[in-house]
Amino acid sequence: MSLARHVDPEDIIHHLNDNGNHSRNRGHQGPHLTPYSSAYASQRDIPKYNIPKEGAPADTVYSMIKDELNLDGRPTLNLASFVNTNMEERAEQLMMENMVKNLSDNDEYPAMLTMSERCISILAHLWGVQKGEKAIGAPTVGSSEAIHLGGLAMKRRWQERRKAEGKDTLKPNILMGANAQVALEKFARYFDVEARVLPVSAKHGFHLDAESVRNNIDENTIGVFVILGSTYTGHYEPVEDISKVLDEFEKKTGHDIPIHVDAASGGFIAPFTYAGTGDKKWNFELPRVKSINTSGHKYGLVSAGLGWIIWRDESYLPKDLIFELHYLGGTEQSFTLNFSRPGAQVIVQYYNLIHLGFNGYREVMENCLANARLLSKSLEATGWYTCVSEIHKPAGKGDGDDSKQQEGEQKITSANYIPGLPVVAFHLTDQFKKKYPHIKQETISVLMRARQWIIPNYALPPNESQTEILRVVVRNSMSFDLLDKLVTDLVQVTEQLMEHDEIDMNTLVRGQYKRTPKLRHAEGKEKEKEKVVEKFMGQGKRMEEGIHRSVC
(Lines give C-alpha, C1' and ligand atoms only; values in the text may rest on other atoms or scores of the structure.)
Protein backbone atom coordinates (compact mmCIF):
# COMPACT_ATOMS: atom_id res chain seq x y z
CA MET A 1 0.00 0.00 0.00
CA SER A 2 1.47 3.39 -0.98
CA LEU A 3 1.79 6.11 1.65
CA ALA A 4 -0.60 9.05 1.29
CA ARG A 5 -0.38 12.57 2.66
CA HIS A 6 -3.12 14.77 4.07
CA VAL A 7 -4.35 17.40 1.64
CA ASP A 8 -5.00 20.82 3.18
CA PRO A 9 -8.20 22.12 1.55
CA GLU A 10 -7.50 25.66 2.74
CA ASP A 11 -4.39 25.92 0.58
CA ILE A 12 -6.30 24.76 -2.46
CA ILE A 13 -9.22 27.10 -1.74
CA HIS A 14 -6.82 30.02 -1.43
CA HIS A 15 -5.21 29.12 -4.75
CA LEU A 16 -8.55 28.84 -6.48
CA ASN A 17 -9.76 32.16 -5.10
CA ASP A 18 -6.58 33.93 -6.15
CA ASN A 19 -7.18 32.78 -9.70
CA GLY A 20 -10.86 33.66 -9.64
CA ASN A 21 -11.85 30.11 -10.47
CA HIS A 22 -14.30 29.56 -7.65
CA SER A 23 -16.93 32.23 -8.07
CA ARG A 24 -19.70 29.64 -7.71
CA ASN A 25 -18.63 28.61 -4.24
CA ARG A 26 -21.62 29.22 -1.97
CA GLY A 27 -19.87 28.99 1.35
CA HIS A 28 -18.76 25.37 0.96
CA GLN A 29 -15.09 24.77 1.73
CA GLY A 30 -12.69 22.69 -0.33
CA PRO A 31 -12.29 21.90 -4.03
CA HIS A 32 -15.51 20.75 -5.57
CA LEU A 33 -16.75 18.42 -8.24
CA THR A 34 -20.12 19.02 -9.86
CA PRO A 35 -21.60 15.78 -11.20
CA TYR A 36 -24.22 16.18 -13.88
CA SER A 37 -26.64 13.47 -12.85
CA SER A 38 -29.22 15.60 -11.02
CA ALA A 39 -30.54 19.13 -10.65
CA TYR A 40 -29.30 18.97 -7.07
CA ALA A 41 -25.74 18.61 -8.30
CA SER A 42 -25.93 21.70 -10.47
CA GLN A 43 -26.75 23.88 -7.46
CA ARG A 44 -24.67 22.28 -4.70
CA ASP A 45 -20.93 21.86 -4.71
CA ILE A 46 -19.57 18.64 -3.25
CA PRO A 47 -16.34 18.87 -1.24
CA LYS A 48 -13.50 16.70 -2.46
CA TYR A 49 -10.95 16.70 0.36
CA ASN A 50 -13.08 17.30 3.46
CA ILE A 51 -16.33 15.73 4.59
CA PRO A 52 -19.44 17.76 3.67
CA LYS A 53 -21.81 18.99 6.34
CA GLU A 54 -24.74 17.68 4.34
CA GLY A 55 -24.74 14.54 2.24
CA ALA A 56 -25.59 14.24 -1.44
CA PRO A 57 -27.98 11.92 -3.30
CA ALA A 58 -26.69 8.40 -3.84
CA ASP A 59 -27.07 8.57 -7.63
CA THR A 60 -25.10 11.81 -7.75
CA VAL A 61 -22.21 10.48 -5.69
CA TYR A 62 -22.24 7.20 -7.61
CA SER A 63 -21.99 9.04 -10.93
CA MET A 64 -19.24 11.27 -9.62
CA ILE A 65 -17.14 8.35 -8.43
CA LYS A 66 -17.84 6.21 -11.49
CA ASP A 67 -16.83 9.04 -13.82
CA GLU A 68 -13.55 9.53 -12.00
CA LEU A 69 -12.81 5.80 -12.00
CA ASN A 70 -13.23 5.75 -15.77
CA LEU A 71 -9.79 7.37 -15.85
CA ASP A 72 -8.24 4.17 -14.46
CA GLY A 73 -6.64 1.66 -16.77
CA ARG A 74 -8.60 -1.39 -17.85
CA PRO A 75 -7.65 -4.35 -15.63
CA THR A 76 -7.64 -6.83 -18.52
CA LEU A 77 -5.19 -4.65 -20.43
CA ASN A 78 -2.97 -4.14 -17.39
CA LEU A 79 -0.09 -6.36 -18.45
CA ALA A 80 2.17 -5.01 -15.71
CA SER A 81 0.55 -6.94 -12.87
CA PHE A 82 0.55 -10.58 -11.83
CA VAL A 83 -2.71 -10.04 -9.94
CA ASN A 84 -5.72 -11.91 -11.33
CA THR A 85 -8.36 -9.69 -12.96
CA ASN A 86 -10.86 -12.30 -14.10
CA MET A 87 -13.12 -14.68 -12.18
CA GLU A 88 -15.88 -17.02 -13.25
CA GLU A 89 -19.48 -15.96 -12.70
CA ARG A 90 -20.07 -18.49 -9.90
CA ALA A 91 -16.88 -17.40 -8.18
CA GLU A 92 -18.03 -13.77 -8.34
CA GLN A 93 -21.38 -14.83 -6.93
CA LEU A 94 -19.72 -16.52 -3.96
CA MET A 95 -17.57 -13.44 -3.48
CA MET A 96 -20.58 -11.13 -3.32
CA GLU A 97 -22.56 -13.45 -1.07
CA ASN A 98 -19.71 -13.65 1.46
CA MET A 99 -18.09 -10.23 1.16
CA VAL A 100 -19.14 -9.19 4.70
CA LYS A 101 -17.58 -12.21 6.42
CA ASN A 102 -14.54 -11.49 8.57
CA LEU A 103 -11.85 -14.15 8.34
CA SER A 104 -10.83 -13.48 11.94
CA ASP A 105 -14.28 -14.41 13.26
CA ASN A 106 -13.66 -18.13 13.19
CA ASP A 107 -16.18 -18.98 15.88
CA GLU A 108 -18.91 -17.09 14.01
CA TYR A 109 -18.06 -18.55 10.59
CA PRO A 110 -16.93 -22.15 11.21
CA ALA A 111 -17.70 -23.31 7.65
CA MET A 112 -15.38 -20.64 6.25
CA LEU A 113 -12.66 -21.74 8.70
CA THR A 114 -13.08 -25.32 7.56
CA MET A 115 -12.63 -24.29 3.93
CA SER A 116 -9.47 -22.42 4.86
CA GLU A 117 -8.09 -25.54 6.53
CA ARG A 118 -8.93 -27.60 3.44
CA CYS A 119 -7.09 -25.14 1.20
CA ILE A 120 -4.00 -25.41 3.41
CA SER A 121 -4.14 -29.20 3.25
CA ILE A 122 -4.58 -29.19 -0.53
CA LEU A 123 -1.63 -26.83 -1.04
CA ALA A 124 0.59 -28.76 1.37
CA HIS A 125 0.02 -31.98 -0.59
CA LEU A 126 0.42 -30.13 -3.89
CA TRP A 127 3.81 -28.91 -2.66
CA GLY A 128 5.07 -32.33 -1.65
CA VAL A 129 4.65 -32.48 2.12
CA GLN A 130 6.20 -35.74 3.30
CA LYS A 131 4.52 -38.63 5.03
CA GLY A 132 4.46 -38.20 8.80
CA GLU A 133 4.82 -34.42 8.66
CA LYS A 134 2.06 -32.24 10.08
CA ALA A 135 1.93 -29.23 7.80
CA ILE A 136 0.56 -26.02 9.24
CA GLY A 137 -0.29 -22.75 7.57
CA ALA A 138 -2.54 -19.74 7.30
CA PRO A 139 -4.26 -17.48 4.77
CA THR A 140 -2.74 -14.01 4.58
CA VAL A 141 -3.62 -10.69 2.97
CA GLY A 142 -1.09 -11.44 0.23
CA SER A 143 2.38 -12.87 -0.33
CA SER A 144 3.98 -9.88 1.39
CA GLU A 145 2.48 -10.80 4.76
CA ALA A 146 3.24 -14.47 4.10
CA ILE A 147 6.91 -13.70 3.39
CA HIS A 148 7.18 -11.71 6.61
CA LEU A 149 5.70 -14.59 8.59
CA GLY A 150 8.07 -17.07 6.99
CA GLY A 151 11.02 -14.79 7.73
CA LEU A 152 9.93 -14.26 11.33
CA ALA A 153 9.73 -18.00 11.93
CA MET A 154 13.27 -18.46 10.55
CA LYS A 155 14.59 -15.61 12.68
CA ARG A 156 13.00 -16.95 15.87
CA ARG A 157 14.30 -20.49 15.30
CA TRP A 158 17.79 -19.04 14.73
CA GLN A 159 17.52 -17.00 17.94
CA GLU A 160 16.41 -20.03 19.95
CA ARG A 161 19.27 -22.13 18.60
CA ARG A 162 21.87 -19.42 19.30
CA LYS A 163 20.62 -18.89 22.85
CA ALA A 164 20.74 -22.64 23.51
CA GLU A 165 24.38 -22.58 22.37
CA GLY A 166 25.16 -19.60 24.59
CA LYS A 167 25.84 -17.33 21.62
CA ASP A 168 24.64 -13.80 20.86
CA THR A 169 21.70 -12.98 18.58
CA LEU A 170 22.78 -9.47 17.61
CA LYS A 171 23.59 -9.80 13.92
CA PRO A 172 21.09 -11.93 12.01
CA ASN A 173 21.27 -11.82 8.22
CA ILE A 174 19.21 -13.22 5.38
CA LEU A 175 20.12 -13.82 1.73
CA MET A 176 18.18 -12.91 -1.39
CA GLY A 177 18.91 -11.99 -4.97
CA ALA A 178 18.88 -8.40 -6.23
CA ASN A 179 15.85 -9.43 -8.28
CA ALA A 180 13.82 -9.92 -5.09
CA GLN A 181 10.47 -8.21 -4.84
CA VAL A 182 10.36 -5.34 -2.34
CA ALA A 183 8.41 -7.40 0.23
CA LEU A 184 11.53 -9.45 0.95
CA GLU A 185 13.60 -6.35 1.65
CA LYS A 186 10.78 -4.96 3.77
CA PHE A 187 10.97 -8.01 6.02
CA ALA A 188 14.66 -7.42 6.64
CA ARG A 189 14.24 -3.71 7.32
CA TYR A 190 11.13 -3.96 9.46
CA PHE A 191 12.36 -6.88 11.61
CA ASP A 192 16.01 -5.86 12.10
CA VAL A 193 17.71 -8.41 9.89
CA GLU A 194 20.67 -7.58 7.66
CA ALA A 195 19.58 -8.03 4.06
CA ARG A 196 22.39 -9.53 2.02
CA VAL A 197 21.14 -8.66 -1.44
CA LEU A 198 23.32 -10.60 -3.85
CA PRO A 199 24.10 -9.36 -7.37
CA VAL A 200 22.51 -11.12 -10.32
CA SER A 201 23.83 -11.52 -13.84
CA ALA A 202 22.79 -12.49 -17.33
CA LYS A 203 24.97 -15.59 -16.98
CA HIS A 204 22.68 -16.89 -14.23
CA GLY A 205 19.38 -15.73 -15.71
CA PHE A 206 19.21 -12.45 -13.75
CA HIS A 207 18.47 -14.30 -10.51
CA LEU A 208 20.12 -15.75 -7.40
CA ASP A 209 22.68 -18.50 -8.04
CA ALA A 210 24.08 -21.18 -5.77
CA GLU A 211 27.70 -19.97 -5.81
CA SER A 212 26.70 -16.50 -4.61
CA VAL A 213 24.89 -18.14 -1.72
CA ARG A 214 27.95 -20.27 -0.91
CA ASN A 215 30.13 -17.16 -0.70
CA ASN A 216 27.83 -15.15 1.57
CA ILE A 217 26.45 -17.48 4.27
CA ASP A 218 27.75 -17.69 7.81
CA GLU A 219 26.66 -18.71 11.30
CA ASN A 220 24.40 -15.64 11.54
CA THR A 221 22.42 -16.44 8.40
CA ILE A 222 18.85 -17.13 9.50
CA GLY A 223 17.78 -18.39 6.07
CA VAL A 224 17.71 -17.87 2.33
CA PHE A 225 14.78 -16.46 0.36
CA VAL A 226 14.61 -18.37 -2.93
CA ILE A 227 12.16 -17.11 -5.55
CA LEU A 228 10.12 -19.48 -7.69
CA GLY A 229 9.49 -17.05 -10.49
CA SER A 230 11.42 -13.79 -10.69
CA THR A 231 9.15 -10.82 -11.25
CA TYR A 232 11.68 -9.38 -13.69
CA THR A 233 12.05 -12.20 -16.18
CA GLY A 234 9.97 -15.13 -14.91
CA HIS A 235 12.98 -17.40 -14.30
CA TYR A 236 12.83 -19.97 -11.51
CA GLU A 237 15.68 -19.75 -9.04
CA PRO A 238 17.59 -23.05 -8.48
CA VAL A 239 16.10 -24.18 -5.18
CA GLU A 240 17.68 -27.63 -5.30
CA ASP A 241 21.15 -26.32 -6.16
CA ILE A 242 21.00 -23.81 -3.30
CA SER A 243 19.75 -26.56 -1.00
CA LYS A 244 22.82 -28.66 -1.84
CA VAL A 245 25.11 -25.74 -1.00
CA LEU A 246 23.41 -25.35 2.37
CA ASP A 247 23.65 -29.11 2.99
CA GLU A 248 27.41 -28.93 2.37
CA PHE A 249 27.71 -25.91 4.67
CA GLU A 250 25.89 -27.72 7.49
CA LYS A 251 28.05 -30.83 7.05
CA LYS A 252 31.16 -28.68 7.27
CA THR A 253 30.16 -26.26 10.06
CA GLY A 254 27.12 -27.71 11.79
CA HIS A 255 25.03 -24.63 11.00
CA ASP A 256 21.55 -25.48 9.73
CA ILE A 257 20.29 -22.77 7.36
CA PRO A 258 16.70 -23.16 6.11
CA ILE A 259 15.12 -22.11 2.81
CA HIS A 260 11.89 -20.19 2.43
CA VAL A 261 10.53 -20.40 -1.10
CA ASP A 262 8.75 -17.29 -2.31
CA ALA A 263 6.41 -18.95 -4.80
CA ALA A 264 4.07 -15.97 -5.09
CA SER A 265 3.33 -16.88 -8.70
CA GLY A 266 5.18 -20.15 -9.25
CA GLY A 267 3.37 -21.93 -6.43
CA PHE A 268 0.29 -22.23 -8.65
CA ILE A 269 2.21 -22.81 -11.90
CA ALA A 270 5.05 -25.27 -11.32
CA PRO A 271 2.87 -28.01 -9.72
CA PHE A 272 0.42 -28.06 -12.63
CA THR A 273 2.47 -27.56 -15.78
CA TYR A 274 4.11 -30.37 -17.72
CA ALA A 275 7.41 -28.51 -17.45
CA GLY A 276 7.30 -28.22 -13.68
CA THR A 277 10.69 -26.84 -12.73
CA GLY A 278 12.56 -29.04 -15.15
CA ASP A 279 14.40 -31.96 -13.55
CA LYS A 280 15.02 -30.02 -10.33
CA LYS A 281 13.08 -30.15 -7.07
CA TRP A 282 11.80 -26.97 -5.46
CA ASN A 283 9.26 -27.83 -2.74
CA PHE A 284 8.90 -29.90 0.46
CA GLU A 285 10.52 -32.83 -1.31
CA LEU A 286 13.71 -31.01 -0.30
CA PRO A 287 14.21 -31.29 3.50
CA ARG A 288 15.96 -27.91 3.47
CA VAL A 289 12.74 -26.15 2.38
CA LYS A 290 10.87 -25.34 5.59
CA SER A 291 8.18 -22.95 4.35
CA ILE A 292 6.54 -21.82 1.12
CA ASN A 293 4.26 -18.91 0.29
CA THR A 294 2.06 -18.20 -2.69
CA SER A 295 -0.54 -15.67 -3.82
CA GLY A 296 -4.05 -16.95 -4.28
CA HIS A 297 -4.82 -13.66 -5.99
CA LYS A 298 -2.31 -14.31 -8.77
CA TYR A 299 -2.32 -17.65 -10.53
CA GLY A 300 -4.57 -19.06 -7.81
CA LEU A 301 -7.21 -17.15 -9.82
CA VAL A 302 -8.78 -15.27 -6.88
CA SER A 303 -9.27 -11.49 -6.73
CA ALA A 304 -6.75 -9.29 -4.91
CA GLY A 305 -6.31 -9.85 -1.18
CA LEU A 306 -5.25 -13.46 -0.60
CA GLY A 307 -1.94 -15.16 0.07
CA TRP A 308 -0.93 -18.44 1.70
CA ILE A 309 1.97 -19.47 3.96
CA ILE A 310 2.64 -23.13 4.79
CA TRP A 311 5.31 -24.75 6.97
CA ARG A 312 6.14 -28.36 6.19
CA ASP A 313 5.65 -29.31 9.86
CA GLU A 314 4.31 -27.54 12.91
CA SER A 315 7.72 -27.93 14.58
CA TYR A 316 9.09 -25.23 12.23
CA LEU A 317 6.65 -22.63 13.55
CA PRO A 318 7.95 -21.58 16.99
CA LYS A 319 5.21 -21.86 19.58
CA ASP A 320 5.90 -18.46 21.15
CA LEU A 321 4.95 -16.81 17.86
CA ILE A 322 1.46 -18.33 18.07
CA PHE A 323 -1.21 -16.41 19.95
CA GLU A 324 -4.23 -17.97 21.58
CA LEU A 325 -7.16 -15.60 21.24
CA HIS A 326 -10.11 -15.96 23.58
CA TYR A 327 -12.39 -13.65 21.68
CA LEU A 328 -15.88 -13.56 20.23
CA GLY A 329 -17.00 -16.74 21.94
CA GLY A 330 -14.19 -19.20 21.19
CA THR A 331 -10.47 -19.94 21.31
CA GLU A 332 -8.39 -19.36 18.20
CA GLN A 333 -4.72 -19.88 17.45
CA SER A 334 -3.27 -17.10 15.35
CA PHE A 335 0.02 -16.24 13.68
CA THR A 336 -0.62 -13.30 11.38
CA LEU A 337 0.31 -9.64 11.09
CA ASN A 338 -3.33 -8.72 10.49
CA PHE A 339 -6.53 -9.46 12.35
CA SER A 340 -9.76 -8.47 10.62
CA ARG A 341 -9.60 -9.18 6.90
CA PRO A 342 -11.94 -10.36 4.14
CA GLY A 343 -12.87 -14.05 4.12
CA ALA A 344 -14.62 -14.24 0.75
CA GLN A 345 -11.34 -14.77 -1.13
CA VAL A 346 -10.67 -17.93 0.88
CA ILE A 347 -14.07 -19.29 -0.11
CA VAL A 348 -13.39 -18.51 -3.78
CA GLN A 349 -9.97 -20.19 -3.52
CA TYR A 350 -11.63 -23.36 -2.30
CA TYR A 351 -14.21 -23.08 -5.08
CA ASN A 352 -11.43 -22.82 -7.69
CA LEU A 353 -9.52 -25.79 -6.32
CA ILE A 354 -12.57 -28.04 -6.30
CA HIS A 355 -14.18 -26.71 -9.49
CA LEU A 356 -11.07 -26.72 -11.67
CA GLY A 357 -9.28 -29.64 -10.10
CA PHE A 358 -5.73 -30.56 -11.07
CA ASN A 359 -6.45 -30.90 -14.78
CA GLY A 360 -8.40 -27.63 -14.89
CA TYR A 361 -5.53 -25.68 -13.34
CA ARG A 362 -3.13 -27.46 -15.69
CA GLU A 363 -5.16 -26.35 -18.71
CA VAL A 364 -5.19 -22.73 -17.52
CA MET A 365 -1.45 -22.62 -16.80
CA GLU A 366 -0.47 -24.42 -19.99
CA ASN A 367 -2.61 -21.98 -21.97
CA CYS A 368 -0.92 -19.00 -20.27
CA LEU A 369 2.50 -20.39 -21.10
CA ALA A 370 1.50 -21.17 -24.70
CA ASN A 371 0.32 -17.58 -25.20
CA ALA A 372 3.49 -16.24 -23.60
CA ARG A 373 5.60 -18.38 -25.93
CA LEU A 374 3.64 -17.16 -28.94
CA LEU A 375 4.13 -13.54 -27.90
CA SER A 376 7.86 -14.10 -27.36
CA LYS A 377 8.34 -15.70 -30.77
CA SER A 378 6.23 -13.03 -32.47
CA LEU A 379 8.30 -10.23 -30.97
CA GLU A 380 11.59 -11.82 -31.99
CA ALA A 381 10.21 -12.54 -35.48
CA THR A 382 9.96 -8.79 -36.10
CA GLY A 383 13.74 -8.50 -35.84
CA TRP A 384 13.27 -5.44 -33.62
CA TYR A 385 13.02 -7.12 -30.24
CA THR A 386 14.82 -9.83 -28.31
CA CYS A 387 13.56 -11.59 -25.18
CA VAL A 388 15.51 -12.04 -21.97
CA SER A 389 12.81 -14.35 -20.64
CA GLU A 390 13.35 -17.90 -21.87
CA ILE A 391 10.12 -19.88 -21.69
CA HIS A 392 9.96 -19.89 -25.51
CA LYS A 393 13.35 -21.58 -25.85
CA PRO A 394 13.51 -25.37 -26.30
CA ALA A 395 14.43 -27.25 -23.14
CA GLY A 396 17.79 -28.95 -22.95
CA LYS A 397 18.13 -32.61 -22.28
CA GLY A 398 16.70 -33.44 -18.89
CA ASP A 399 14.45 -30.37 -18.67
CA GLY A 400 10.76 -31.12 -18.36
CA ASP A 401 9.17 -34.26 -16.93
CA ASP A 402 7.96 -36.42 -19.80
CA SER A 403 6.19 -38.73 -17.41
CA LYS A 404 3.82 -35.91 -16.56
CA GLN A 405 2.62 -35.66 -20.14
CA GLN A 406 0.93 -39.03 -20.47
CA GLU A 407 -2.02 -38.25 -22.72
CA GLY A 408 -0.33 -35.05 -23.93
CA GLU A 409 2.74 -36.83 -25.34
CA GLN A 410 1.65 -36.21 -28.91
CA LYS A 411 1.24 -32.48 -28.50
CA ILE A 412 3.65 -29.68 -27.71
CA THR A 413 3.46 -28.62 -24.06
CA SER A 414 5.53 -26.58 -21.65
CA ALA A 415 7.71 -29.67 -21.11
CA ASN A 416 9.31 -28.96 -24.48
CA TYR A 417 10.57 -25.58 -23.27
CA ILE A 418 12.60 -24.01 -20.47
CA PRO A 419 10.36 -23.79 -17.39
CA GLY A 420 9.32 -20.46 -15.92
CA LEU A 421 6.44 -18.05 -15.38
CA PRO A 422 4.29 -16.90 -18.34
CA VAL A 423 6.24 -13.65 -18.45
CA VAL A 424 7.67 -12.00 -21.55
CA ALA A 425 10.55 -9.64 -20.79
CA PHE A 426 11.99 -8.04 -23.92
CA HIS A 427 13.97 -5.10 -25.25
CA LEU A 428 15.04 -3.56 -28.52
CA THR A 429 17.86 -5.41 -30.28
CA ASP A 430 21.34 -3.92 -30.43
CA GLN A 431 21.04 -3.61 -34.20
CA PHE A 432 17.77 -1.74 -33.89
CA LYS A 433 19.15 0.66 -31.29
CA LYS A 434 22.18 1.32 -33.46
CA LYS A 435 20.01 2.15 -36.45
CA TYR A 436 17.42 4.13 -34.48
CA PRO A 437 19.30 5.60 -31.49
CA HIS A 438 16.57 8.19 -30.89
CA ILE A 439 13.90 5.57 -30.10
CA LYS A 440 13.52 4.89 -26.40
CA GLN A 441 11.66 1.95 -24.91
CA GLU A 442 9.95 4.30 -22.46
CA THR A 443 8.31 5.96 -25.44
CA ILE A 444 7.00 2.61 -26.64
CA SER A 445 5.50 2.06 -23.18
CA VAL A 446 3.85 5.50 -23.26
CA LEU A 447 2.44 5.03 -26.76
CA MET A 448 1.07 1.61 -25.83
CA ARG A 449 -0.57 3.23 -22.80
CA ALA A 450 -2.28 5.63 -25.21
CA ARG A 451 -3.82 2.50 -26.76
CA GLN A 452 -4.86 1.39 -23.25
CA TRP A 453 -2.18 -1.30 -22.86
CA ILE A 454 -0.17 -1.03 -19.64
CA ILE A 455 3.33 -2.39 -20.32
CA PRO A 456 6.03 -1.17 -17.90
CA ASN A 457 9.56 -0.32 -18.96
CA TYR A 458 12.21 -0.52 -16.27
CA ALA A 459 15.84 -1.39 -15.63
CA LEU A 460 16.99 -4.87 -14.67
CA PRO A 461 18.41 -5.28 -11.13
CA PRO A 462 21.66 -3.60 -10.10
CA ASN A 463 24.71 -5.01 -11.91
CA GLU A 464 22.52 -5.37 -15.01
CA SER A 465 20.69 -2.05 -14.72
CA GLN A 466 22.18 -0.76 -17.96
CA THR A 467 19.58 -2.95 -19.67
CA GLU A 468 15.97 -1.79 -19.70
CA ILE A 469 13.16 -4.21 -20.41
CA LEU A 470 9.53 -4.04 -21.36
CA ARG A 471 7.55 -6.73 -19.53
CA VAL A 472 4.25 -8.44 -20.25
CA VAL A 473 2.61 -10.74 -17.71
CA VAL A 474 0.34 -13.22 -19.47
CA ARG A 475 -2.64 -14.12 -17.28
CA ASN A 476 -5.66 -16.33 -17.97
CA SER A 477 -7.56 -13.27 -19.22
CA MET A 478 -5.22 -13.03 -22.23
CA SER A 479 -7.19 -14.60 -25.07
CA PHE A 480 -5.67 -15.46 -28.44
CA ASP A 481 -7.59 -12.59 -30.07
CA LEU A 482 -6.32 -10.15 -27.46
CA LEU A 483 -2.80 -11.43 -28.00
CA ASP A 484 -3.14 -10.83 -31.73
CA LYS A 485 -4.23 -7.24 -31.07
CA LEU A 486 -1.34 -6.71 -28.65
CA VAL A 487 1.24 -7.81 -31.23
CA THR A 488 -0.43 -5.66 -33.89
CA ASP A 489 -0.33 -2.56 -31.67
CA LEU A 490 3.29 -3.13 -30.67
CA VAL A 491 4.29 -3.42 -34.34
CA GLN A 492 2.33 -0.29 -35.29
CA VAL A 493 3.78 1.74 -32.43
CA THR A 494 7.31 0.66 -33.29
CA GLU A 495 6.81 1.49 -36.96
CA GLN A 496 5.36 4.87 -36.00
CA LEU A 497 8.54 5.70 -34.08
CA MET A 498 10.77 4.41 -36.87
CA GLU A 499 9.18 6.94 -39.21
CA HIS A 500 10.28 9.85 -37.01
CA ASP A 501 13.98 10.63 -36.87
CA GLU A 502 13.68 13.45 -34.36
CA ILE A 503 13.30 13.47 -30.61
CA ASP A 504 10.75 10.70 -30.68
CA MET A 505 8.56 12.06 -27.90
CA ASN A 506 7.52 14.75 -30.38
CA THR A 507 5.11 12.12 -31.69
CA LEU A 508 3.25 12.53 -28.41
CA VAL A 509 3.52 16.25 -27.74
CA ARG A 510 3.86 18.02 -31.06
CA GLY A 511 4.69 21.69 -30.97
CA GLN A 512 6.49 21.83 -27.63
CA TYR A 513 9.81 21.30 -29.34
CA LYS A 514 10.30 22.45 -32.91
CA ARG A 515 12.10 20.23 -35.31
CA THR A 516 14.79 22.49 -36.72
CA PRO A 517 16.98 21.36 -39.61
CA LYS A 518 19.91 23.00 -37.82
CA LEU A 519 19.56 20.64 -34.88
CA ARG A 520 19.17 17.68 -37.16
CA HIS A 521 21.97 18.27 -39.63
CA ALA A 522 24.42 20.88 -38.42
CA GLU A 523 27.79 19.55 -37.41
CA GLY A 524 28.87 20.11 -33.83
CA LYS A 525 25.31 20.05 -32.54
CA GLU A 526 25.29 16.45 -31.28
CA LYS A 527 26.08 17.42 -27.69
CA GLU A 528 23.34 20.04 -27.76
CA LYS A 529 20.92 17.46 -29.09
CA GLU A 530 21.89 15.01 -26.35
CA LYS A 531 21.22 17.66 -23.71
CA VAL A 532 17.79 18.39 -25.17
CA VAL A 533 16.98 14.70 -25.36
CA GLU A 534 18.11 14.13 -21.79
CA LYS A 535 16.12 17.07 -20.49
CA PHE A 536 13.08 16.11 -22.51
CA MET A 537 13.15 12.38 -21.78
CA GLY A 538 14.10 12.75 -18.12
CA GLN A 539 17.09 10.43 -18.47
CA GLY A 540 19.64 9.70 -15.75
CA LYS A 541 19.56 7.17 -12.96
CA ARG A 542 15.82 7.40 -12.44
CA MET A 543 15.22 3.67 -12.79
CA GLU A 544 18.42 2.59 -11.05
CA GLU A 545 17.97 4.39 -7.74
CA GLY A 546 16.03 3.13 -4.75
CA ILE A 547 14.24 -0.15 -4.22
CA HIS A 548 12.92 -1.84 -7.33
CA ARG A 549 9.17 -2.11 -6.90
CA SER A 550 8.72 -4.58 -9.76
CA VAL A 551 4.93 -4.61 -9.88
CA CYS A 552 3.40 -7.84 -8.65
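**Close-up views of a predicted model**

View 1. The model is a predicted one, in which local features need pLDDT of at least 70 and side-chain atom pairs count only at pLDDT 80 or more, while totals for chains, interfaces and linings use all residues. Residues are numbered from 1 along each chain as its sequence is written, and side-chain values use heavy atoms, with hydrogens and water left out.

View 2. The largest cavity holds about 50 Å³ of space, a volume being the space filled by probe spheres set on the grid points, which are joined across faces, edges and corners. Its lining residues (those with an atom within 4 Å of a point) include Tyr236, Thr273, Leu369, Arg373, Ser414 and Pro419. By class, this lining has seven nonpolar, four polar and one charged residues; here Ala, Val, Leu, Ile, Met, Phe, Trp, Tyr, Cys and Pro count as nonpolar, Asp, Glu, Lys and Arg as charged, and the others, Gly among them, as polar.

**View 3. The largest nonpolar core.** A nonpolar core is a set of buried Ala, Val, Leu, Ile, Met, Phe, Trp, Tyr and Cys residues joined through side-chain atoms within 4.5 Å, and buried means under 20% relative accessible area with a 1.4 Å probe, protein chains only. The largest such core has 61 residues, and those with the most contacts inside it are Val213, Val224, Ile242, Val261 and Trp282. Helix H10 (residues 344–381) gives this core its largest share, 12 residues, a helix being a DSSP run (H or I) of at least four residues, numbered from the N terminus. Apart from this core lies another, of 32 residues, among them Cys387, Val424, Tyr436 and Trp453.

**View 4. The surroundings of valine 224.** With neighbours within four places in sequence left aside, valine 224 is in contact (heavy atoms within 4.5 Å) with residues including Ile174, Leu208, Val213, Ile242, Pro258 and His260.

**View 5. Alanine 178 in its loop.** Alanine 178 sits in the loop between strand E4 (173–177) and helix H7 (182–190), a strand being a DSSP run (E) of at least two residues. Because its relative accessibility is 12%, alanine 178 counts as buried. Beyond its neighbours within four places in sequence, alanine 178 is in contact with Val197, Leu198, Pro199, Val200, Tyr232, Pro461 and Pro462. Proline 462 is 284 residues apart from alanine 178 along the chain, and their C-alpha atoms are separated by 6.8 Å.

Methods. On a 1 Å grid over the protein atoms alone, a cavity is a set of points where a 1.4 Å probe fits but cannot get out, and a pocket is an open set with protein on both sides within 12 Å along at least five of seven lines; lining residues have an atom within 4 Å of a point. Buried means under 20% relative accessible area, exposed over 50%, partly exposed in between (1.4 Å probe, protein chains only).
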